[in-house]
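Here is a briefing for a student who is meeting this structure for the first time. Please keep the sequence and the 3D view open beside the text while reading.

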Amino acid sequence: MDTTEGPRALCDLCLAQVCSSLDTLCSRRADGSMFLSWAPLFPQEMADQLLQKLATLGILNDTTVGIFRNCKELRLRRATIRSCPVSAKAFRLALCPHRLQELDASWVSGGLTGASIISSLASNPECRSSLQRLSLNGLPLDLESLEEDHGGFSCLHGLRTLNVANTDLTDAIFEDICSLPQLEKLDISCCAVTKLTALLSCKNTLKSLIVHQLRQLDMSPARLLSVLSQLHALRHLDFSDDHFTVDDSDGKDGDETVRQLLEGSPQVLPSLVSLDISGRKRVMETAVRAFVEARGGLVFLGLLATGASSCDVLSTQKNLKVTGKANENQVCEALRRYRDRECFIREGLIRLYNLITDIDKPRPDMLKLVLSGMQSHPTSLHVHLVATACVFNLTTQDLAEAMPVSLLSCTITQLLYAMKTFPNNHQVQKNCLLALCSEYILQDVPFDKYLAATLVIIWLSSHEDPTLQRMAVAVISILVSKLSTKETAQLAKDVFFMKQLLAIVQQKAMVGVVDSTLKFALSALWNLTDEMPTAARNFIECQGLELYEEVLESYYTEPSIQQKVLGLLNNIAEVEALQSDLMEEDLLEHILSLLQDSQVEVGVRYFAGGILAHLASRPEAWTLDEELRSSILEQLHASIMTWTHLEREMVSYRSFRPFLALLQTCQPPGVQLWAVWAIHLVCSQNTSHYSSMLEQEGVTELLRALTAHPDTHGDIKGLSNSILQTVEHNESHPGSSNKRTGPRNS
C-alpha cells in the first residue's frame, strides 16, 4: 500500500494563507464585520473554497463571514457554514444575496433557525429557483414564526436534495416538503414524524429516502410498505435504527416492515439498488439471501448490527458493498458511510479494534477512518473510548513511521482534544498517553507540544501507576526538549508543572531507586531551566535545590543521575541573580571533589566545572572563603587538561549567551578554558548547528580576541584557534557536517 504523501495543493496553501492573514487583508465595517480592503475577481469555485476553508479552520463567524457581502468579486454557489457560529442577520447579509445552488447549514450555532434561513433565502428571487441542495441537520426549524407569504419549504421550488434530520420536523411541515416539485433526495432521520403518507406527493421524483431512527412513526407494517411500494423512482432507502437505544420491545413494527420488504416481491420498489437496514433486529440470513438473489442490480446493503452480515451470498456479489462485521471490508465501509451516526461509528470502531489487535502492517486508510469518526463526534465518550485504543494499535512500534506525517499530526491533535474533553476518564487518558509514548511521534510529528506537556502533567498529578507514570514522565521529558524558547518560557512560569516533576524526583530519591522515570524527570527539569531564569527561580522556591543536594550525595556512584543534576545546577549558576543561592561551602566543595576525581566520568566533571566556572567568574559576587575560589580556578585548569574528547553528544545549547562573560580576556584562565573546551566540544560534534550561532552571537570575535591577547594561556589559544578553523571550514563547505537531532539534554 502506498503510504507516501505529496505536497499540499497550491490553491489550498494560498487559501490557508488568506485565512491566517485576514486581519492584515481586511478592514472593518461599522458593525464590526470584515471586508477585503482590496479584492480581485475570484474564480467562482475558489470563493466557495475560501468559505469552506474558513469554516473548516473554525474561524467563520459573524465577523469573518462579512467578507462575502461582496457579491461581485466573491460569487458563492456552494456555501457551507456547518457548525459555525453565524447569526440570522449575518447569514442574510453575507450569503443570501448570492445565487446559491447548495447550502449546508447543519448544526450552526448563533441563533440561526430553519425559519430564518428559509425567509432569508426566499427574499432573493434567484435563490427560490437556483437552490438545489439544502441541509439543516440539527437546527431548530421554528417554522411557526414564518410569515404566510414565505410559504415554508415549498417556496424554494428548485430544491432537489433536502436534509432536515435531527430537527423539530412535524407532520404538517413534512407535507409541505413533499409538495416540492423536483424533490429527489430527502433525509428526515431522528425526527418526530408519525406518518409517511405525504411521500406519495413526490412518488414520481423521489430517488433517495433516509428515515433512520423514526421513533414516533405510527404506521402498521402493511400500511408503511404500501406507501413505500408506490415510490416508483426510489433507488436508495435507509430504514436503519440505533441499536444501542432500542430494547427488544421497541421498533417491532419497523423490524416487521423490513422482514416483509426483504422477503417480498422484487416488484415492490423495483428501482431499488441500495438498502440500509443496519441496527434492525430479527433480520434473518435467509431473508437477506432471498433479497440479494432477487435483485441483481443491488450495489449497497447496510447490515451493521443486524447479525446477518455473514450471509454467504454476500461474498459472491462483486459489485455489492456491505456494511457489517463479517470482515475488514464491511467494517471499513461502515466507518466510511456512517460518519455522522454515532451509534454506527461506535459499532464500527468496536469491530475494527477486534480486527487490528495484532496488526503488523501500516494501515493509513484505517487510521483516516478512525480520525474521521473522532472528528465527527468530538464530545462522544463512547466513540473516543474505542477510537483512542484503535489509534494506539494502528501507530504502535514502527507502524507510525510508515504513516503520512500530516495524518499523524491531525490524529495526535485529536488525541490532545480528547484528553482535554475527557479529563476524568482514566481509559481515554491512558489510551492517549500510550499513543503519545512514541519517540518518532514526539520527535518528528508536528503538533502542539506545549499543550501536550500541560495535559500529560495534569494527568500525572492524579495517577501513581508505576508503568503509566514512567511513560508520562518520558513523554514530558521529550516534549519539554522540543519546545520553542517562547513555549519553554511560558511553561517555566507554571509552578504546578515544576512541583509535579520535583515530586517524582523526591519519590524516587526517598527509596534510592535508579530507573528511567527518575532520569526522565531529571532531564525534563534540566531542559525546563535551560536559559530560563524564571524556571530556575521557581525551582529554588520549590525547595528543589535542597532536594538536588541530597540526590547529588546519595547517587554518588550514578554518573547518569549526577550529570543531570549538575546540568540543572549549571543552569542556575548561569543566572547572576541566583548565584548567591549556590554559595554554600559544603555544596561547592562536593562539586569540586567531583571535578578533581579522575575516576569520575568526564560528563560529570564537565558540568561540575561549568558550575564552578560561572561562580568563580564574578569575584565581586563571591561570598565564601577566597582560598576556595583560588583552589577552584587552579583545579579547573588542571582538571580540564586531562579530559578526553567525547564522541557522544552530551549536551546542546539554545545559545552561547551564558558563555560571553566567561570568554572575556580579563577572566582567569580556568574560567576561559572551561568555556572554550565546552564550545569546542559541541562544535566538533555538530558544526553545522553551532557555526552560525557563534557568528551571530559574537563568540567568534571573543575567540579572536583571546587568541590575540598576549596574556591568554597557550591551552586556551590552541582550542580557540581550533574552533575558528572549524567554523571557517564549515562556511567554505556548507552542509558537510551532520545536523543535530533528538532532544536537547537527555
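Rings of Phe, Tyr and Trp (its six-membered ring) are said to pair if their centres lie within 6.5 Å. With that definition, a search of the whole structure, which is a predicted model, finds 13 aromatic pairs.

**Aromatic rings**

- A pair of aromatic rings is described by the distance of the centres and the angle of the planes.

- Ten strands make up an open sheet with parallel pairing, and their order is 3-4-5-6-7-8-9-10-11-12.
- Strand 3 (78-80) and strand 12 (321-323) are the edge strands, each of which pairs on one side only.
- On average, neighbouring strands of this sheet are turned by 5 degrees against each other, with direction ignored.
- Strand 11 (residues 300-302) runs parallel to strand 12 and is joined to it by 3 bridges, and Phe 300 has Lys 321 as its bridge partner in strand 12.

**Charges over rings**

- A second example is Phe 239, where Arg 280 lies over the face of the ring at 4.4 Å from the ring centre.

**A helix and a leucine**

- Helix 30 (residues 669-685) has 17 residues and reaches 24 Å from its first C-alpha to its last, which is close to the 24 Å expected at 1.5 Å a residue.
- Because 15 of the 17 residues of helix 30 are buried, this helix is largely enclosed by the rest of the structure.
- Leu 703 lies in helix 32 (residues 699-708), and this leucine counts as buried because its relative accessibility is 0%.
- If neighbours within four places in sequence are left aside, Leu 703 is in contact with Leu 663, Val 676, Ser 720, Ile 723 and Leu 724.
- Between Leu 703 and Ala 573 there are 22 Å in space, C-alpha to C-alpha, and the two are 130 residues apart in sequence.

**Loop residues with positive phi**

- Most residues other than glycine have a negative phi.
- Asn 166 has a positive phi, near 55 degrees, and is placed in the loop between strand 6 (161-163) and helix 7 (171-178).
- Gln 213 also has a positive phi, near 55 degrees, and is found in the loop between strand 8 (208-210) and helix 8 (221-229).
- Asn 166 is partly exposed because its relative accessible area is 33%, whereas Gln 213 counts as buried because its relative accessibility is 17%.

Terms used: Residues are numbered from 1 along each chain as its sequence is written. This is a predicted model: local features need pLDDT of at least 70, side-chain atom pairs count only at pLDDT 80 or more; totals for chains, interfaces and linings use all residues. Side-chain values use heavy atoms; hydrogens and water are left out. Two strands pair if DSSP finds at least two bridges between them. Helices (H or I, at least four residues) and strands (E, at least two) are DSSP runs, numbered from the N terminus. Axes are lines fitted to C-alpha atoms, for helices over the stretch in contact, and angles run from 0 to 180 degrees between N-to-C directions. Buried means under 20% relative accessible area, exposed over 50%, partly exposed in between (1.4 Å probe, protein chains only). Contact means heavy atoms within 4.5 Å. Rings of Phe, Tyr and Trp (its six-membered ring) pair if their centres lie within 6.5 Å; planes under 30 degrees apart count as stacked, over 60 as edge-to-face and the rest as tilted. A charge sits over a ring if NZ of Lys or CZ of Arg is within 6 Å of the ring centre and within 35 degrees of the ring normal. The expected span of a helix is 1.5 Å times one less than its number of residues.
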